[in-house]
Every structure is written in C-alpha cells, then in structure tokens.
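The following report describes a predicted model. Please look through the sequence and the structure before reading on.

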Amino acid sequence: MTALSHTAELMRRDQVWPFLQPPAASINVDKDILLYIEDLNLSFDGFKALNNLNLYINDGELRCLIGANGAGKTTLMDVITGKTQCDSGSVFFGQTINLLKYSEADIAELGIGRKFQKPTVFEAQSVFDNLELALKSNKRLLPTLLARLSPSEIDRIDTVLATIGLTDHRFQLAGALSHGQKQWLEIGMLLVSEPRLLLIDEPVAGMTAEETERTAELLTSLAGKHTVVVVEHDMEFVRSIARTVTVLHQGSVLAEGSMDHVQNHPDVIEVYLGEAP
Amino acid sequence: MSLLTTFMSRRNSLGSPVLPFVTILMTLTVLAAIGNLWIPADSALHVSTYTITLLGKYLSFAMLALAVDIVWGYCGILSLGHGAFFALGGYAMGMYLMRQIGSRGVYGDPILPDFMVFLDWDVLPWYWLGMDQFWFAMLMVLLVPGLLAFVFGWLAFHSRVTGVYLSIITQALTYALMLAFFRNEMGFGGNNGLTDFKDLLGFSLQADTTRVALLLCTAGLLAAIFMFSHWVLKSRFGKVIEAIRDGEPRVRFLGYRTDRYKVALFVYSAMIAGIAGALYVPQVGIINPGEFAPLNSIEIVVWVAVGGRGTLYGAVIGALLVNYAKTRFTALMPDGWLFMLGALFVLVTLFLPKGLAGVYGQLITSWKRGRNRDEPPQRNQEATS
Ligand SMILES: Nc1ncnc2c1ncn2[C@@H]1O[C@H](COP(=O)(O)OP(=O)(O)OP(=O)(O)O)[C@@H](O)[C@H]1O
Ligand SMILES: [Mg+2]
C-alpha cells in the first residue's frame with residue numbers, strides 16, 4: 001500500500017522529480033517574501049516544541065526572533081535547515097522551493113547559511129582554512145579535490161578576514177581563538193558563502209560590549225543585500241538592530257511588530273512578567 | 001599578498017614529510033637490494049633473502065597501516081575490518097598465482113587448481129575465469145575491495161552509522177567473510193587457502209631476483225601511494241575530510257554531502273589495502289582465511305596508534321616497528337605476543353595519545369621555539385602585514 005502511494009507520488013505529473021530539478025532552482029520572490037513558514041508542528045515525545053507556527057520573512061529584511069529559553073527558536077532553525085523533520089506544516093523558500101524535501105547540504109547550496117548557538121568551527125584547522133571550506137564554490141567531490149583558490153577568492157577571504165577582525169590570526173588554529181572570536185569566525189564563514197538567507201543563533205553570547213556593538217553594525221549592514229534572521233536574548237542588542245521583532249512562546253508566535261509594539265503587547269508582558277524571577 | 005597567502009595556507013607546520021619519507025624509504029630498499037644481489041654471501045654486509053622477504057612483508061603491512069590511517073586518522077572512521085580488504089586483494093593475487101601453476105600441480109590438471117580436483121570439481125567456477133590474465137587479476141585487486149567498500153560504506157554512511165557502531169559492523173564484516181572463506185564450497189581452497197605458488201609473470205617466486213624485485217615494487221608503490229595520498233589530503237577535499245572528522249553536521253550545513261566524501265575516502269582506502277594484500281601474498285607464499293580474522297584488523301589499528309594518527313608517515317613507522325617487535329618477540333615467547341600487543345595499546349593510549357609521530361612533532365616544535373627565542377620572530381610579522 002505504501003509502495004503504491006509512493007509510486008503514485010513519483011508519477012505525479014504536476015511536479016518534476018527532485019533529482020531532475022536544478023538544485024539552485026531560481027528563488028521566486030515576486031511577493032517580496034523569501035521564507036514562508038506555515039502551520040508548522042513538531043513534537044518531541046509528546047512535548048510540542050513547535051505548535052502551529054506561522055512566520056513570513058520578507059526579502060531583504062532583518063528580523064529578530066526573541067523568546068524565553070525553550071520557546072523553540074533553535075528548533076525552528078533546525079527545521080528550516082533540514083536538520084530536524086517536522087511533523088506537519090510547510091516551509092517554502094520563495095514561492096516555489098519546498099525546503100522540507102531537501103537535505104541539509106542541498107539547503108545550504110540553495111543559499112541558506114546558518115550560525116549555530118554554540119560556536120562550531122573546525123578547531124584543528126586554521127582560520128583561513130575554515131573560511132576556505134565555507135567559500136561559495138562547487139561542493140561536489142571532484143571539483144573539491146581539484147580546487148585551487150583563485151586570486152578573487154583569496155581577496156574575498158581577505159576582505160572577510162578584515163571585516164571580522166581576524167586578519168592577524170589567519171594562520172592560527174581556530175581552536176586557539178577566544179569564544180568571541182570563534183563567534184566572529186563563524187559569522188565570517190557565513191559571509192564567504194554568500195547566502196541569500198542568514199539564520200543567526202545568539203551571535204553576541206560571550207562577546208564584549210565593544211564586540212557586540214561591531215556585530216550589530218555588521219548585521220545591519222548585511223540586511224538589504226541578504227535576508228537576516230537573528231535569535232538573541234540580549235534585549236539591548238535586539239533593540240539596537242531590530243526593525244521587526246517576532247516573539248516566540250511555547251512553539252508559536254505570540255506577537256510581532258516593532259520593538260516598542262512588542263514590548264507593550266499585553267500577552268508579551270504577561271508571559272515575561274509571569275516568568276520573571 | 002595573495003601568493004603568500006596561498007603558500008602559507010598550504011604550509012604544513014612541520015614542513016612536508018614527502019621528500020624525506022620517499023628518500024629514506026627508497027634508499028634503504030635499494031641498499032638492501034644491492035646487499036642481497038651483489039654483495040657476496042660471506043660478507044658482513046650481505047642481506048639474506050629471508051631478510052628481503054621480511055622487509056617486503058613489513059612494507060606491505062606499512063601500506064595497510066597507511067590505508068587505515070587515511071580513514072581513521074583523517075576522517076575519524078575507526079575501521080576494524082580493513083583486514084578484509086587486505087585479504088580480498090591477497091586472494092585476487094593468489095587466484096592469479098594458482099592459475100599460473102598450470103599443470104605443474106600435484107594432480108597435473110592444466111586448468112583446475114589442486115584443491116578443486118581434490119573436491120572432484122570438473123569445471124572452473126565462473127569467478128575464477130579471467131584470473132589467468134595478470135591485468136585482469138590486478139583489476140580485481142582494486143575492484144573487489146573497492147566495490148565491497150562502496151556497498152558497505154554507502155549503506156553505513158548514508159544511514160549515518162558512526163562511532164562504535166561502525167567499528168562493530170566492520171568487525172562483523174571481516175568475521176563473516178572469514179567464515180565464508182573457510183567453507184570448501186566457496187571455491188577458494190577452504191581453510192588451506194591458496195598456496196604452492198610457482199611463478200609470477202613467468203619469474204620463479206623462489207629466485208632471489210624475483211624476491212628483490214617484489215621488495216622494490218612494494219617500496220615503490222608505497223612511496224607512490226604516500227605521495228598521492230599526501231596530495232589528496234592536503235587538497236581542499238582533504239580539508240573537508242578533516243572537517244568531517246571534527247564536526248560532520250557542521251560540514252553538511254556548509255553544503256558538502258558528507259556521506260559521499262566518506263564513501264569515496266573509504267573506497268580509496270580499501271583499494272590501498274587491496275594492493276597491500278596483493279603484494280603480501282607472493283612474498284609470503286600463502287593466503288588463507290586466517291587473514292580475515294577480526295584480530296588481524298585490530299592489530300592494524302594498534303600499529304597506527306603506536307606510530308601516530310593523521311600523519312601518514314606515523315602509520316608506516318608504527319607498522320614497521322610493531323611488526324619488527326612481533327618477529328623478535330614471537331621467536332622468544334610465541335604465546336606472549338597478544339599480551340604484549342594489548343599492553344602496547346594501553347600504554348600508547350595512556351601516555352602517547354598522538355603516537356610516536358606526536359612525540360617527534362613536539363620535539364620539533366619545542367626546538368623551533370627555542371631557536372625563535374634567539375632571533376626575533378620577524379617573519380611572522382611580515383606574513384601577517
Ligand atoms: N532533540 C530534542 N529532543 C527532545 N527535546 C528537544 C530536542 N530539541 C529541543 N528540544 C526541546 O524543545 C524545546 C525548544 O528548544 P529550543 O532549543 O528550540 O529552544 P530555544 O528557543 O532555542 O531556547 P534557548 O533560548 O535556550 O536556546 C526545549 O524545551 C527543548 O528541551
Ligand atoms: Mg536556542
């Protein structure tokens with residue numbers, strides 16, 4: 001029976017088989033919306049981590065996601081990037097690309113880059129090598145084996161190194177960097193991969209006030225050319241960069257709007273005051 | 001600026017080990033060859049044929065260790081089944097050598113090897129066809145281990161089996177093959193395996209010149225594989241492989257299909273193990289199912305651990321030293337070797353987590369640091385400005 005339904009699905013004439021589609025199928029943003037998340041549900045052993053979540057991200061905007069610990073922010077990013085399968089719902093990249101059908105690697109190739117909550121850089125390799133690995137390039141086996149850095153690629157890496165302030169550490173092992181520098185390196189890895197959409201989970205954790213300020217500048221400068229979604233607990237930081245803020249609570253959207261709107265929203269006040277120590 | 005960057009990013013902190021490695025390996029081998037063929041037997045510098053064969057055997061083990069280091073040291077895939085790929089390569093070579101015997105066997109059958117006549121078989125099984133051709137047999141030396149590694153790797157890496165589970169199923173793989181090859185009906189000589197070889201490409205295997213030629217071949221191929229592997233692992237492909245070792249999920253989010261990278265590396269490594277097996281068999285004169293024994297595969301891992309993971313030359317040194325110790329030790333106390341091996345593994349894990357290569361690396365680094373203290377580190381500043 002399942003075999004039959006699989007076959008039926010395979011034979012549907014209104015869609016092309018996934019392997020025949022060019023992976024970088026052009027992203028259709030005619031409606032000015034880059035990411036459509038609709039009715040997303042996900043439960044871990046009965047616990048609803050995502051609960052009928054609806055979220056639309058406009059093309060080129062900088063969106064902040066806030067919410068208490070365990071609200072489902074990281075889980076949402078896991079679903080978008082293909083790390084976790086959702087139970088039901090849909091995630092579309094542009095109007096046509098159904099992200100739920102793609103693997104992590106495909107999604108990265110489509111142009112969605114991610115910075116993890118816990119900085120994950122390749123500690124045994126140099127800062128430069130970390131950036132080279134992240135470079136936007138053909139990631140298949142043979143091209144990677146024969147890859148040589150072109151002068152323009154080296155310039156690109158050098159520019160990013162300057163942007164993230166690690167020029168002097170270029171040949172240092174990434175494992176020897178400070179926590180804040182690792183965060184920056186990971187942001188740098190996002191930059192060299194030139195993604196369309198950046199998902200950034202808690203970028204300023206462990207950064208000094210000055211580093212935080214520079215991160216804020218960098219992220220605001222990225223918006224427009226890229227679309228940026230930032231998860232952060234540091235309210236001052238959020239206030240300094242945010243145009244639109246979305247508050248997540250228990251796996252669904254509680255409020256959305258400008259920072260002032262959100263902060264004065266009765267539901268938000270109730271939830272935050274209820275949880276405040 | 002960019003030239004410097006390219007140069008520096010390819011730079012290895014210990015300098016490239018390729019040239020010293022190849023030079024030392026080839027010099028020693030050529031000296032041994034001269035010592036055997038041209039220095040009279042009564043001279044102190046004469047190298048006996050026994051030693052030549054022993055060296056050839058050690059070098060094929062070194063190649064096998066290299067294969068394990070490529071997957072374990074660089075990609076974190078702890079294979080406890082590489083003995084299987086080695087044995088399969090060995091069997092492919094053994095089948096060719098069997099068919100070279102022709103009618104010189106005990107039963108004098110021009111086609112069938114002795115053990116098949118003994119089993120009352122009257123036709124050659126299909127999988128023995130073509131094995132009388134050297135080129136075909138050599139193709140099988142690469143293809144059979146490669147194909148097995150491909151199927152196995154694809155299944156395992158595609159379903160994201162890693163760590164201890166992977167190690168256990170590689171053990172199961174080699175164990176299953178051992179049981180299969182022990183059966184007479186398989187057509188590989190049962191528990192006696194394949195032996196009584198006469199000649200290779202028309203050269204008698206008993207002749208000193210053939211022995212020396214086999215040693216030179218082994219050393220030459222080891223050097224070539226070392227150079228090629230070094231190139232592969234220093235390329236961007238190699239950087240991806242190391243990144244997979246240190247954080248596979250992260251590599252996926254960069255857009256690399258990590259399972260394909262692992263399968264490719266696993267197949268490459270299995271083929272090297274196959275070549276090592278094919279070189280081993282004519283030198284020791286026998287291949288039997290004992291080579292599939294799970295313990296053999298574990299021993300290889302100990303060689304690599306002793307020599308040091310992730311350097312290539314460390315694996316070679318480990319294989320040579322441990323096997324030399326084994327030869328010496330089993331002559332004194334035949335039953336004690338397993339205890340020695342176990343003790344060696346525990347000691348290395350506790351006190352030399354990076355193996356002998358790691359000790360060497362530390363010495364070099366501290367020596368360089370001592371030297372840099374005398375002269376101010378100008379070059380560093382040039383490099384970063
Ligand atoms: N793999 C998993 N198995 C079981 N529960 C999980 C899993 N991943 C997340 N959860 C649960 O889902 C909920 C949402 O987690 P998530 O990591 O998305 O929160 P978050 O909003 O990112 O919180 P934080 O601000 O602490 O990072 C948490 O209660 C967490 O315990
Ligand atoms: Mg989180």
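## The interface of chain A and chain B

Across the interface of chain A and chain B in this predicted model, the rule finds 8 salt bridges. One salt bridge is formed by the side chains of E104(A) and R252(B), with an N to O distance of 3.6 Å. The elements of chain A that each give two or more residues to the side touching chain B are α3 (104–110), α4 (127–134), α5 (141–146), α6 (151–163) and α7 (179–192). Sorted by class, that side of chain A holds 17 nonpolar, 5 polar and 14 charged residues.

In terms of contacts, 36 residues of chain A touch 33 residues of chain B, and 15 residue pairs between the two chains are in polar contact, with both residues at pLDDT 80 or more. The size of an interface is often expressed as the accessible area that is lost when the parts come together. For chain A and chain B the buried area is about 3400 Å², and carbon and sulfur atoms give 61% of it.

Within chain B, the side chains of E248(B) and K262(B) meet in a salt bridge of 2.9 Å, N to O. This pair links distant parts of the chain, since E248(B) belongs to helix α9 (residues 236–253) of chain B and K262(B) to helix α10 (residues 258–284) of chain B, 14 residues apart. E248(B) has a relative accessible area of 11% and is therefore buried, and K262(B), with a relative accessible area of 4%, is buried as well. Through shared partners, salt bridges join E104(A), R160(B), E248(B), R252(B) and K262(B) into one network.

## Salt bridges around R63(A)

Over all chains, the count by this rule comes to 24 salt bridges. Two of them involve R63(A): its side chain meets that of E61(A) at 2.8 Å, N to O, and that of E256(A) at 3.5 Å, N to O. Because E256(A) lies in strand β10 (residues 252–257) of chain A and R63(A) in strand β3 (residues 62–66) of chain A, the latter pair ties together parts that are 193 residues apart in sequence.

## Strand pairing in chain A

Strands of a sheet pair through backbone hydrogen bonds, in either the parallel or the antiparallel sense. In chain A, 4 strands form an open sheet with antiparallel pairing, in the order β2-β1-β4-β5. Its edge strands are β2 (47–58) and β5 (97–98) of chain A, each of which pairs on one side only. Strand β1 (residues 33–44) and strand β4 (residues 88–93) of chain A run antiparallel and are joined by 5 bridges, with F93(A) in β4(A) as the bridge partner of L35(A).

Parallel pairing is found between β6(A) and strand β7 (residues 197–201) of chain A, over 4 bridges, and here I112(A) stands opposite L197(A) in β7(A). From strand β6 (residues 112–115) of chain A, I112(A) and R114(A) point one way while G113(A) and K115(A) point the other way, and all are buried.

N36(B) is found in helix α2 (residues 18–37) of chain B, and it counts as buried because its relative accessibility is 6%, where buried means under 20%. The side chain of N36(B) is joined to that of T49(B) by a polar contact of 3.3 Å. Beyond its neighbours within four places in sequence, N36(B) is in contact with H46(B), V47(B), S48(B), T49(B), I52(B), D208(B) and V212(B).

Key:
Residues are numbered from 1 along each chain as its sequence is written. Chains are lettered from A and ligands numbered from 1 in the order in which they are written. This is a predicted model: local features need pLDDT of at least 70, side-chain atom pairs count only at pLDDT 80 or more; totals for chains, interfaces and linings use all residues. Side-chain values use heavy atoms; hydrogens and water are left out. Buried means under 20% relative accessible area, exposed over 50%, partly exposed in between (1.4 Å probe, protein chains only). Two strands pair if DSSP finds at least two bridges between them. A polar contact is a pair of N or O atoms within 3.5 Å; within protein, one must be able to donate a hydrogen and the other to accept it, and residues adjacent in sequence count only if both atoms are side-chain atoms. Contact means heavy atoms within 4.5 Å. Buried area is the accessible area (1.4 Å probe) that two parts lose on being put together, summed over both. A salt bridge is a side-chain nitrogen of Lys or Arg within 4 Å of a carboxyl oxygen of Asp or Glu. Ala, Val, Leu, Ile, Met, Phe, Trp, Tyr, Cys and Pro count as nonpolar, Asp, Glu, Lys and Arg as charged, and the others, Gly among them, as polar.
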